Amino acid sequence: MTIHNLKSFIVSTFTFRINWNHFKSKLLLRYVLSYILIFLIPLTGVTIFVYDSAVSGLRTEIEQSNINQLNQVKMTIDSRIAELRELSGRIAYDRRLTPYMVRDDYYRVEAIQALANYKANSSIIEDIFLYYHNDPIIYSYRGLTNVNVAFDSFYRYENWSLEDVTLALNETNQMVIRPAENVTINSSRQETMLTIIVPIKPNAPYPYGSVVYMVKESNLTGVMDSILSDFTGSSYILNQNDEVLTASNHGVTLSQEHLGTLAALDAGIHNLSLNNDKYSVVSVKSGENRWNYMTIMPSYQFFSRVAHVQTLILLVFGIAVITGVLAAFVLARRQYHPIKDLMEFAKLRVSDTPEPKTRNEWEWIRQTLHEYSTRIDMQEPFVRNQCMLLLLKHGKPDDPEIERMIAGVGLESPQEQVIYFCVILSWEENDAAEELQKDRQQVHEILSHVEPSGLQANIYGVEFSADNQFALIVSLPDPGQDSLKLRMEQIIRAVQGLISENTRLDPSMGVGTPYRDLGQLNQSFIEAATALEHRMVGSSRITYFDQLAEQNHPVAKGVWLPRKSLLKLEQSLKQGNESVAVQMIAEMMETIRSEPLQIHLLRCICFDLLNALLRSASEVGMNEAFSSISDYTSFETLEEFEDKLLSLTTEICEKVERNHEQAAPKLIDDIVHYVNQQFADYTLSLEHVALKFSVSTSYLSRSFKEKTGISFSQYIWKRRTEEVIRLLVTTSAPLKEIIEQVGYLDAPNFIRKFKKETGLTPGQYRKEHRSNRLDI
């Protein structure tokens, strides 16, 4: 084998292994099977319908053809029998065949010749006899003979005795057709023949004689076979007593029991099962002599005629199935791709665990959701903090579950009007010393929820991302516009008193504007941050946002953009709060539109608003905005200008988000240290840590893996497993208690994963390693 061929073989084998790995996923196989079933079931149904329609149509065509042919047989044989009746009438009224004439020696020759002529006029008569009652002589076209000689020597019936023949000749008063049976002719040969006895005169109440016709069965079956020329099966003629007069068998022979079943059928087309074989039966009734004409055909005969149709349908069906299966694989892989990405990101398997033969992605997702739901139930304070953080950053969300949490906190009161405002506490740099860390933590605990005495207010502390800062949400019954400012000052002094009584800290405070709508709390939060950032150095440590109006510089008449609004816009941009920034831009643009301004003054005001955004872009380090400044300054309408401002706002907020992710070089080290301390906490999750350290989950997941070499969930599992192993070997605590102690509530699932990793159950591991320690 050449090097090139060997290389090709290795590549093809590797490709096959990669493709085969796709089938190790039960979920992917389920997707494939579901897509296959989605198109295969209707396709199969349509194919069966088309095939059944083709077979049924051809079957109906064949059966209808048989009915038409059978009707032709009926008409032909009925006409032959009618000819015999007519012939009997003519014989009865022929003067040459009166008893006197046939018995007279002179006229007898003429009578015999007349009988010969009547025989020659019918194509089915083999022999004809004329008999007069109680006469020992019977006449034929060959001459006269004794009755005993005619029906004992010349014609001898297998199942009809001479006495019965004589009795039938003398007593028959209506036409009788005896079913075909074996007749010995001249004691030398046998022939299957039908015997027809017609009384003369026909329909007379007292006939004086009979005409006997001898008819070969082959004469009737020949008529049937000539008409049913392409017929494969059996045909029968049954008389009014359901006796088989004659039959023509072509490959199908039925028993007497089955013939009785056929005789009971009505006229028409029937499908029967005889001897576990399927047959198609066509029956036609004769109204003239009440005979039943039947054909019976094996059902497989129909399928042999649709072989080409069957082959074509199967070929089309096979091509459709192959195409559908290939399409199902493509669609299933596309459907499975997001889940596969999720599984690769989650990294259920640690690096030293052998790859499982099958994957149960839905089980993992179900378990993850279960654990996440349990975390939410167990970390009510954390959830409450996150709900209030959402209020501060994004306003009241349209989420029933979060609304329920907010209602449970007690921020909203259905009985009375409530006022809301936000306060931000900021520590000085020297307050960040290590000895004051406990004081800061104590402030967080004291102000997590407090109701100052006599003020009828609720204060909720909220931890958020800014360093050395802490936010407060204050709710109080509406005291009216006149006393609102006084009540706010009383609440702020109460907060200062709580801090000074319990700690050595003296934080600065920024106070936002009060609102009557909880959904506008994010506005108050931005205002508090703005007030805190623009506090006057050396003055009071408390700054109200409303006080910033007093710092406004005189402006030319006609400029209606308050400095407070611009400061609030800049603060929202620096915090990356796009919703508040968009709202502020909309409000200021509405103010501009509402005033009749000259075009030059209008552009100046617009540039003032644009300048506020550019200042914020510069402060967050987005210098690339200035390279496109000509794009922002060229506009024809206020709507176009507003669209450009909103686009720039989005870019600034995205830049702030990226800055937060890259702000602290030691952030991941702090996170790893935090995880090492809290890994046994069942509420610990990637989302929990991301919110605590104010980074996105995608950034945290990526950076954590770069730092540790494994994913966040794998690291938690590793630390918990190490702790379980340590406790198994060094303690005698029950297994369930150990598993719960490391933060895992689903003991069976933990045991299963532990065994996959170590090859032993926790109990077996404890027993084996304890024995090893005792041996040492």
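These legends go with several close-up views of a predicted model. Because the model is predicted, local features need pLDDT of at least 70 and side-chain atom pairs count only at pLDDT 80 or more, while totals for chains, interfaces and linings use all residues. Residues are numbered from 1 along each chain as its sequence is written, and side-chain values use heavy atoms, with hydrogens and water left out.

**View A. A nonpolar patch on the surface with Val46, Phe49 and Val50.**
To get into a patch, a residue needs over 30% relative accessible area and no salt bridge; nonpolar side chains (Val, Leu, Ile, Met, Phe, Trp, Tyr) are joined within 5 Å, like charges within 9 Å. Val46 sits in helix 2, residues 26-92 (helices are DSSP runs of H or I with at least four residues, strands are E runs of at least two, both numbered from the N terminus). With 48% relative accessibility, Val46 goes down as partly exposed (buried is under 20% relative accessible area, exposed is over 50%, partly exposed is in between, with a 1.4 Å probe and protein chains only).

**View B. Arg142 pairs up with Asp127 in a salt bridge.**
Here the closest N and O atoms are 2.6 Å apart; the cut-off is a side-chain nitrogen of Lys or Arg within 4 Å of a carboxyl oxygen of Asp or Glu. Arg142 is in the loop between strand 2 (137-140) and strand 3 (143-146), and Asp127 is in strand 1 (residues 125-132), so the bridge ties together parts 15 residues apart in sequence. Asp127 is buried at a relative accessible area of 0%, whereas Arg142 is partly exposed at 43%. The structure has 17 salt bridges.

**View C. Another salt bridge, this one linking Arg178 and Glu181.**
N to O, the side chains meet at 2.3 Å. Glu181 is buried, with 8% relative accessible area, and Arg178 comes out as partly exposed at 23% relative accessibility.

**View D. Arg593 and Glu642 bridge two helices.**
Their closest N and O atoms are 2.5 Å apart. Arg593 belongs to helix 18 (residues 578-594) and Glu642 to helix 21 (residues 638-661), so this pair ties together parts 49 residues apart in sequence. Arg593 is partly exposed at 31% relative accessibility, and Glu642 counts as buried at 16%. There's a network here too: salt bridges with shared partners join Glu590, Arg593, Glu639 and Glu642.

Note on methods:
Areas by Shrake-Rupley, 256 points an atom, 1.4 Å probe, with all protein chains shown as cover.
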